[in-house]
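Good morning, and thank you for making time for this item.

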Amino acid sequence: MVNAMVEINNYSVQLGKFKLNQINLNIGEKEIFAVLGRTGSGKTVLLESVAGFYRKFSGKVMIQGIPVIDVPLEKRNIGFVYQDFGLFPHMTVFDNITYGLKIRKIDKGVQKERVDKMAEILSIGHILKQYPGTLSGGERQRTALARALILNPQLLLMDEPFSSLDPATKENMYDQINKIHDIFGCTILFVTHDFNEAQRMANRIGIMVNGELKAIRKSTDLFERCQDEEINQFLGSNYERSVHE
Ligand SMILES: Nc1ncnc2c1ncn2[C@@H]1O[C@H](COP(=O)(O)OP(=O)(O)O)[C@@H](O)[C@H]1O
Ligand SMILES: [Mg+2]
């Protein structure tokens, strides 16, 4: 593998009854990696762990060789797109996007320049003055992406980023993400319960079952049968479909 952007070694975290158990995963620079799992399997907890949101854990999460929790929050250089997009409802699209720049006291002119560039890339120039409540799902998604990317992060984390979008908007967003990946050269880690989406977007896919990363596969080999019945079962109906197609 080329240089690792993310290295997770024997990482475990206990949250109530749930345990994210002994995760080991390396993600290369500029890789697009998907974690695939059912609801409740621990995908969000894994993403939040990579972002360094938890304090009580065992093992390690390193970003470019440095433990993520050793880096102050504002210097982590990680973009996070939340499942429900997490936009601030009382702020315009422009203010949502520039939030991270404002708290870092970046010059107003530079803020405007950066937003203009982002608006062009994500085609959101026409909605900058609107409030999140007035946007379509796709526009909300693009706003959330712009906000996550405005600081030019080396790592982009996305939690089920396409799950609330209709099929046509999803297709459009897949293209947008690829474009973003090309332009920004960032590493992307996203989680999803959608097999098709994982295969479509990622180079490699991790299979998460009950808090464990059971397997890591190339997207093209996702449905290969193996000795582990839990994995076979998880891939089950999709496996049948893929061999009959
Ligand atoms: N802070 C917490 N305290 C207790 N349990 C939690 C906490 N966060 C998540 N969980 C539990 O951990 C499990 C995995 O959650 P999550 O990562 O959100 O799953 P997924 O994103 O795959 O649907 C769930 O059962 C959830 O209720
Ligand atoms: Mg989740």
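This is a predicted model: local features need pLDDT of at least 70, side-chain atom pairs count only at pLDDT 80 or more; totals for chains, interfaces and linings use all residues.

Residues are numbered from 1 along each chain as its sequence is written, chains are lettered from A and ligands numbered from 1 in the order in which they are written, and side-chain values use heavy atoms, with hydrogens and water left out.

Let us begin with the ligand. The shell around ligand 1 includes Leu 15, Phe 18, Arg 38, Lys 43 and Thr 44; a residue is near the ligand if one of its heavy atoms lies within 4 Å of it. Three residues of this shell are nonpolar, six polar and two charged; here Ala, Val, Leu, Ile, Met, Phe, Trp, Tyr, Cys and Pro count as nonpolar, Asp, Glu, Lys and Arg as charged, and the others, Gly among them, as polar. Helix H1, residues 43–50, gives the most, with three residues; helices are DSSP runs of H or I with at least four residues, strands are E runs of at least two, and both are numbered from the N terminus.

Which backbone atoms approach the ligand's oxygen atoms? A polar backbone atom of Gly 40 is 2.7 Å from an oxygen atom of ligand 1, and one of Val 45 is 2.9 Å from an oxygen atom of the ligand. The protein buries 58% of the 570 Å² that ligand 1 exposes when taken alone, with areas from the Shrake-Rupley method and a 1.4 Å probe.

Leu 73 is exposed, at 58% relative accessible area; exposed means over 50%, buried under 20%, and partly exposed in between, with a 1.4 Å probe and protein chains only.

Finally, the structure holds nine salt bridges, each a side-chain nitrogen of Lys or Arg within 4 Å of a carboxyl oxygen of Asp or Glu. Glu 31 and Arg 204 form one of them, at 2.6 Å from N to O. Why does this pair tie together parts 173 residues apart in sequence? Glu 31 lies in the loop between strands E2 (18–28) and E3 (32–37), whereas Arg 204 belongs to strand E9 (residues 204–209). Glu 31 counts as buried, at 11% relative accessibility.

Methods. A polar contact is a pair of N or O atoms within 3.5 Å; within protein, one must be able to donate a hydrogen and the other to accept it, and residues adjacent in sequence count only if both atoms are side-chain atoms.
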